[in-house]
Amino acid sequence: MVENNQAFGWLMKSAVSALLPTATTSNAIEGCNDVSVLVEGVARDFETLLSAVVSSSAAETATDEKSASCDAPTNGCTENNNNSLTKDNLTARLDRIKTLLYEERSASSAAVTSNNGSINLNWTPGVATEVFKCFIASSNNDNNNSEQQDLLPKLLQNLPSLPFEARKSISAIFNYLLVCGLDGVDAIQFASVSTAFGAYVLERASSIIGTFVHCHDCKSQGKSEGGSGGGGGDNGVDITLLCGSMLRSSLRHVAIYRWVLDDANCQQLVYPFLDEYVHDPNFDVSSDALETVRVMFTGLAAPTGGGNGGGADGYNDDTDAAYEEYKQQMEATAAEFLERKYDPIIMDRMNNKCISSNANYMTRRMSLQLLSTILLNRSNFNVMMKYISSSQNLVTILCLLRDPSPHITLDAFQVFKIFVANPGKPPEVVKILFDNKFKLIKYLSGLHKEREGSDEQYRDEKGLVIATLEGLELES
């Protein structure tokens, strides 16, 4: 982990440049290439919008409606027009910053590709560095404009008050700064920015990560907040999905990942996903929450950029020793967490809530797939042995094996086969299998028989399970 001073020191060497005229029209913003001017405009627009929201809230609490109606209608119309212009400018500036980042990355990737994979280590990403400095480093410099102090955390905490497209751009910029050094053929060139931004997020993790988790509670956002930004959104669902994406990008950094899974933070940052968010009636919210849970419990997230995938600090080749080390770190952290929190995570929440008959279909299915992934991962050997040594867990899986849904039964089989294959089955597990041996053999013989012709692995595994059950005997 890079020390704080090291993470930001390399960005503080240059003095703040003289301010250029601020772009005020859409065309001027679209043609602006000066990141500092764009970010200064974002800060002003944001403060203006925030003030308007506060004023609006104060007006709504006024008890004298007649007095309020006496205001000149032209003033209200002018304020609305100004707010609309401010929203448009804010959205345009954020979109322009995002575009500049993407254009720089596209040119960098193309250069590496055209040079047969050769990377120019003397080149530095000027746009990404400037965006980091203007959005983030301002919070470490007392001489900067007060409007820019901790600008990005303020934007994240006030997403409901921002236009829909502005929210999307903020999320895209945040994700980009976090993972630009983790994905792509040219990831190593962006690793310094990604590492420094990860250090910044970790310093403010209580606020930033806490915001992302809290935003999964759509009920707390309310209908009015979800639509207050205008131009899109569904009662806060769009904010939830954006925050889920930013949370998973944050979890790709080892230090942030470990911080989230720490005992001091688990109750507030992990358990709510299994207790509430994966059970949300909104399909998009529950699916997004389940994907976050998968990342939390495996330590592995799907790459978000181009190239060959990647790990931390610019590892972009699955065969690279550095990436393998990163992967092992993440998997070891996940395994240690699951072993440490086995009862509250696996028993109390996965078994009793996520794969129980009370959970909705999608939650049950995806949770069962995740359970199978956890148990079959070599890093989780101790967790696997503890799980398959429990007769209670076996009964739970046997019930799922008889579920009406063919998808559930197939996923349940992937867990059931581990119980059967265990050479050191406890007596209570052997007894349950032995007592139901003939029923299980008959049932398994016809289970997904249509797959056997096209899925050789399934056919072989089912054959081994049946053969093992046929030879099962009780010890005298």
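Which residue forms a salt bridge with Glu165? In this predicted model, the partner is Lys168, and the closest N and O atoms of the pair are 3.5 Å apart.

Glu165 and Lys168 both belong to helix 8 (residues 164-179). They are 3 residues apart there, so about one helical turn separates them. Glu165 is partly exposed, at 39% relative accessibility. Lys168 is also partly exposed, at 36%.

## Other salt bridges

The count of salt bridges comes to 22. One of them joins the side chains of Arg204 and Asp150, with an N to O distance of 3.2 Å. Arg204 sits in the loop between helix 9 (187-203) and helix 10 (205-214), while Asp150 sits in the loop between helix 6 (126-135) and helix 7 (151-157). The pair therefore ties together parts that lie 54 residues apart in sequence. Arg204 has a relative accessibility of 18% and counts as buried, because the cut-off for that class is under 20%. Asp150, at 28%, is partly exposed.

Arg451 and Asp455 form another salt bridge, in which the closest N and O atoms are 2.8 Å apart. Arg451 is partly exposed, with a relative accessible area of 29%.

## The nonpolar core

The largest nonpolar core has 122 residues. Within this core, the residues that touch the most other members are Phe135, Phe297, Tyr387 and Phe416. The element that gives the most to the core is helix 22 (residues 406-421), which supplies 9 residues.

## Packing of helix 10 against helix 12

Helix 10 packs with helix 12 (residues 237-251) at an angle of about 135 degrees, and the two axes are 8 Å apart. The two helices are therefore oblique to each other, since an angle over 145 degrees would be needed to count as roughly antiparallel. The crossing of helix 10 past helix 12 is left-handed.

On the helix 10 side, the contact is made by Ile209, Phe212 and Val213. Helix 12 contributes Cys243, Met246, Leu247 and Ser250.

Notes:
Residues are numbered from 1 along each chain as its sequence is written. This is a predicted model: local features need pLDDT of at least 70, side-chain atom pairs count only at pLDDT 80 or more; totals for chains, interfaces and linings use all residues. Side-chain values use heavy atoms; hydrogens and water are left out. A nonpolar core is a set of buried Ala, Val, Leu, Ile, Met, Phe, Trp, Tyr and Cys residues joined through side-chain atoms within 4.5 Å. Buried means under 20% relative accessible area, exposed over 50%, partly exposed in between (1.4 Å probe, protein chains only). Helices (H or I, at least four residues) and strands (E, at least two) are DSSP runs, numbered from the N terminus. A salt bridge is a side-chain nitrogen of Lys or Arg within 4 Å of a carboxyl oxygen of Asp or Glu. Axes are lines fitted to C-alpha atoms, for helices over the stretch in contact, and angles run from 0 to 180 degrees between N-to-C directions. Angles under 35 degrees count as roughly parallel, over 145 as roughly antiparallel, 65 to 115 as roughly perpendicular and the rest as oblique. A crossing is left-handed if the near helix is turned anticlockwise from the far one by less than a right angle, and right-handed if clockwise. Contact means heavy atoms within 4.5 Å.
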